[in-house]
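Look over the sequence and the structure shown here. The report below then goes through the parts one by one.

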Number of protein chains: 2
Amino acid sequence: MNHIVAFAGGVGGAKLAHGLALACPEDRLSVVVNTADDFSLYGLHISPDIDTVTYTLAGLANSDTGWGLAGDTFVTLEMLRRYGQDTWFWLGDKDFATHILRTEALRRGSTLTAAIRDLATALGVDAQILPMCNEPVATLIETPEGVLEFQDYFVRRQHVDEVTGVRFDGIDTATLSPEVSAAMTDSDVMVICPSNPIVSIGPILSVPGLRNRLRESEVPIVAVSPIVGGQALKGPADRMLASMGHEVSALTIAMLYRDFLSGIVIDEQDAALVDRIATLDVAVHVTQTVMRSDDDRRRLAADTLAFAATLTKRSVEK
Amino acid sequence: MNHIVAFAGGVGGAKLAHGLALACPEDRLSVVVNTADDFSLYGLHISPDIDTVTYTLAGLANSDTGWGLAGDTFVTLEMLRRYGQDTWFWLGDKDFATHILRTEALRRGSTLTAAIRDLATALGVDAQILPMCNEPVATLIETPEGVLEFQDYFVRRQHVDEVTGVRFDGIDTATLSPEVSAAMTDSDVMVICPSNPIVSIGPILSVPGLRNRLRESEVPIVAVSPIVGGQALKGPADRMLASMGHEVSALTIAMLYRDFLSGIVIDEQDAALVDRIATLDVAVHVTQTVMRSDDDRRRLAADTLAFAATLTKRSVEK
């Protein structure tokens, strides 16, 4: 096995990406990360999922929250509050350094891909962390209260709104970056991390051309279900799936990805779903998928890769 | 006395400006501040003298250094260092909030004057803090080693270089802002604070039209000498004056400003200079000018205003 491409959103995806980095030579790993949550705050370009993956792979993540930097302080934010700013988005002092440098790089004409590469490299990350595209894309959440920007829905309103639909503004003009394209071409296996299928993996799959590349790929593509025992381990994926008319289960994850998926890793709690998933022509592996420690991450990653190695690409007609 | 206009650079000027704010109704005070030290760092617009004046008037300045904010921490800077940045310029976490918001305001099309007004207002400063102009101007320091940018000379190289000349890049296209112009028109007295005459007051006086406005003004204009006992109380003004061929004394301050100056406040240590200064047709007031406490600031400011009130504008032919 030479090269792994993982697709990830924030905290849950970052955990498995970290496991993959621990389970195999880290420089053989590329993580394609959702950037449709990116937004601008105080004039700074914030990339929440990218940063969560980067900090996690660098071993610097706040292990209590899963996002942000361990031991960070909030002095700048407190001063912004004193200046009368609405400080609804939690940004630490260390974290500000990331946003300041990324913003500066973009203003100097760097691509998002290059800006993120330089930051991750400086933090000692050997894996390649790739934004899903270089163009700005913005997830818009449709709710009974109206259309909300993603961070407004997710952070400010703490994802309590019912989600009736999701749109990715700007996705039509997004393009597969040379780096994402090359990583996919070079991959021997691709892993869909246990991230929200609608708002984390969804935008990545919506980058024009990317989903077709997955469909046409000849390497095994395996997903790890973010739904365990009928619930999302983190975040609103469960409520979001339900309000959009889906069954809240690993079966739905397999259905949402079935057009390109070789296999899915589901939790022991969901072993009863095996037969139903098998009808989708998706192979199933049952294991303990909840990652509470670095060991859990490494073990689940190794288990997922071993499972993938047993699979050949599912029949092309699927 | 209705309205005071003070002209100031950084620490020394900020102290007297603070004294003026304490000695009279603060909202009657406008401080015109040097911005030729402004520069861009990590993509942020830094205005060192403006911030020193603002923090000092807000009662938030670090009293040990005279610049920066009391109790500030340096977590962001430490992270920037971790990212491989050269962190030669000391920026605190609270301080970053200022730079982030000013930069954002400028990028949104605000004038520097408006951006600074909003920040100072949010910190409860009732005085009007005015940049000397809205256009970018950059002090360049000519040394035997070549031409240095101001902060390179001042901070990075700790002003050890011999200064053979000073230029203000961009000054030709700078203009007197409506706010500075109005403040001068409305003033009943103008005060040149004890700031470096070459690189703090010098740029302000070089804004096209400003020096003429001082010459033509009919209100008393008094300076407080930053040179006491043949030395600058802070910074390289003494060495700079010497290397540019000037006597290092309050007399030189009076000479540099004599075309518009009504009077000068000098320190008791320099009482022997009274007769020589009088030959310049500049009135002299001798007092204790070293400001070690808020009381010193208030007293010197009140003393300076009382002295100014005894003066009529010096004869126009001067």
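## The nonpolar core

The largest nonpolar core has 209 residues, and A:A6, A:I264, B:A6 and B:I264 touch the most other members. A nonpolar core is a set of buried Ala, Val, Leu, Ile, Met, Phe, Trp, Tyr and Cys residues joined through C-beta atoms within 7 Å. A residue is buried if 20 or more other C-beta atoms lie within 10 Å of its own, exposed if 12 or fewer, and partly exposed in between, with C-beta atoms placed from the backbone.

This is a predicted model: local features need pLDDT of at least 70, side-chain atom pairs count only at pLDDT 80 or more, and totals for chains, interfaces and linings use all residues. Residues are numbered from 1 along each chain as its sequence is written, while chains are lettered from A and ligands numbered from 1 in the order in which they are written.

Which residues is A:A6 in contact with, leaving aside its neighbours within four places in sequence? They are A:L16, A:A17, A:L20, A:L29, A:V31, A:V191 and A:C193. Two residues are in contact if their C-beta atoms, placed from the backbone, lie within 7 Å.

## Where the chains meet

In chain A, 21 residues are in contact with 21 residues of chain B. On the side of chain A that touches chain B, the elements giving two or more residues are α3 (75-82), α4 (93-107) and α5 (112-122) of chain A. Helices (H or I, at least four residues) and strands (E, at least two) are DSSP runs, numbered from the N terminus. The largest share of this side, 9 residues, comes from α4(A). By class, the side has 12 nonpolar, 5 polar and 4 charged residues. Here Ala, Val, Leu, Ile, Met, Phe, Trp, Tyr, Cys and Pro count as nonpolar, Asp, Glu, Lys and Arg as charged, and the others, Gly among them, as polar.

Now take helix α3 (residues 75-82) of chain B. Its buried residues are B:V75, B:T76, B:L77, B:M79 and B:L80. Their cover includes α3 and α4 of chain A, together with α4 (93-107) of chain B. Just after α3(B), B:G84 takes a positive phi of about 90°.

## How the copies are related

Chain A is superposed on chain B by a rotation of 180° with 0.0 Å of shift along its axis (RMSD 0.0 Å). The two copies are thus related as by a two-fold rotation axis. In chain A, the C-alpha nearest the axis belongs to A:D93, 3.3 Å from it. The superposition is by least squares on the C-alpha atoms of residues with pLDDT of at least 70 in both copies.

Why do the copies meet through the same surface? Because 100% of the interface residues of chain A are also interface residues in chain B.

## The parallel sheet of chain B

Chain B has an open sheet of 7 strands in the order β5-β2-β1-β9-β10-β13-β14, with parallel pairing. Two strands pair if DSSP finds at least two bridges between them. The edge strands are β5 (128-131) and β14 (283-287) of chain B, and each pairs on one side only. Neighbouring strands are turned by 20° against each other on average, direction ignored.

Strands β1 (residues 4-8) and β2 (residues 29-33) of chain B pair in the parallel sense over 5 bridges. B:V5 has B:S30 in β2(B) as its bridge partner. Helix α1 (residues 11-23) of chain B packs on the sheet, and its direction makes about 165° with that of β1(B). Axes are lines fitted to C-alpha atoms, for helices over the stretch in contact, and angles run from 0 to 180 degrees between N-to-C directions.

β2(B) and β5(B) pair in the parallel sense over 4 bridges. In β5(B), the bridge partner of B:S30 is B:Q128. Both faces of β5(B) are covered: B:Q128 and B:L130 on one side, and B:I129 and B:P131 on the other, are all buried. Helix α7 (residues 178-186) of chain B lies across β1, β2 and β5 of chain B, at about 125° to β5(B).

## The antiparallel sheet of chain A

In chain A, 3 strands form an open sheet in the order β7-β6-β8, and the pairing is antiparallel. Its edge strands are β7 (146-149) and β8 (165-169) of chain A. The twist averages 30° from one strand to the next. Strand β6 (residues 138-143) of chain A pairs with β8(A) over 5 bridges. A:T139 stands opposite A:F168 in β8(A).

## A loop residue

A:L280 sits in the loop between α12 (274-278) and β14 (283-287) of chain A. It counts as partly exposed, with 17 C-beta neighbours inside 10 Å. Not counting residues up to four places away in sequence, A:L280 touches A:A254, A:M255 and A:R258. A:L280 and A:L251 are 29 residues apart in sequence and 9.0 Å apart in space, C-alpha to C-alpha.
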